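This briefing covers a ligand site in a predicted model. Please look over the sequence and structure below before reading on.

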Amino acid sequence: MSMKLMSAVLVGVGIGFAGAAWAAGGPTDLPASVTEKKDFGCGAKGQKPCPMQGWMKSVMQSATTSGDAAKIASALEYVASKPPPGMAKWVAISKEGAEKAKKGDIDGAKASCKSCHDLYKAQYKDSLRDAAF
Ligand code: HEC
């Protein structure tokens with residue numbers, strides 16, 4: 001083997017080794033559930049918003065920024081009418097928020113946003129994002 005070819009082989013081995021070391025310790029070493037995000041065809045950069053995401057951003061967000069308690073109440077009642085499977089507290093959380101809004105307690109109503117987001121948002125985004133809303 002010529003020296004030239006020999007060093008080319010060594011460089012190749014070196015790159016291969018570095019790649020393997022990076023793979024073992026780097027971001028590709030995560031469990032499949034973390035790396036293989038389901039592609040819903042919506043919600044990611046450059047895609048249209050997913051149905052509920054779009055609704056939340058337009059209807060729900062504008063109801064809260066308007067500070068109109070009646071609008072917030074009716075938006076939360078709409079959410080209450082659409083319980084996804086397996087999310088047992090969805091309806092109760094939304095109804096409680098709607099009741100508070102009806103009494104003019106907007107901060108109390110907003111607590112329902114956080115309760116539901118903390119409990120279900122991640123799960124919803126992983127499994128139900130493309131569902132109609
Ligand atoms: C019972 C559940 C529930 C309640 C109550 C709720 N949300 Fe949401 N919200 C969700 C879920 C689930 C998502 C994720 C949808 C998605 O991204 O596909 C979401 C997403 C959002 C988003 C979009 C965020 C983003 O990054 O795209 C906004 C804004 C939002 N909610 C505002 C509110 C506000 C304001 C309230 C209260 C007045 C509220 N939500 C109440 C379940 C709820």
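Helices H3, H4 (69-80), H5 (90-102) and H6 each give two or more residues to the shell around the ligand. In total, 19 residues surround the ligand.

- Met56, through SD, and His117, through NE2, coordinate the iron atom of the ligand at 2.0 to 2.4 Å.
- Met56 belongs to helix H3 (residues 51-66) and His117 to helix H6 (residues 106-127), so this pair ties together parts that are 61 residues apart in sequence.
- The iron site is octahedral, with angles of 80 to 179° among its six donor atoms.
- For six octahedral donors, the ideal angles at a metal are 90 or 180 degrees.

**Exposure of the two coordinating residues**

**Surroundings of the ligand**
- The closest residues to the ligand are Met56, Cys113, Cys116, His117 and Arg129.
- The side chain of Arg129 places an N or O atom 2.8 Å from an oxygen atom of the ligand.
- In the side chain of Gln53, an N or O atom is 3.1 Å from an oxygen atom of the ligand.
- His117 has a polar side-chain atom 2.8 Å from a nitrogen atom of the ligand, and His117 also coordinates the iron atom through NE2.

Technical notes
Residues numbered from 1 in each chain as written. Predicted model: local features only at pLDDT ≥ 70, side-chain atom pairs only at ≥ 80, totals over all residues. Heavy atoms only, no water. Donors = N, O, S within 2.8 Å, 3.2 Å for Na, K, Ca; no water. Tetrahedral: all angles 85-135°; square planar, octahedral: opposite > 155°, others 65-115°. Helix = DSSP H or I, 4+ residues; strand = E, 2+ residues; numbered from the N terminus. Near = heavy atom within 4 Å. Polar contact = N/O pair within 3.5 Å; in protein donor to acceptor, adjacent residues only side chain to side chain.
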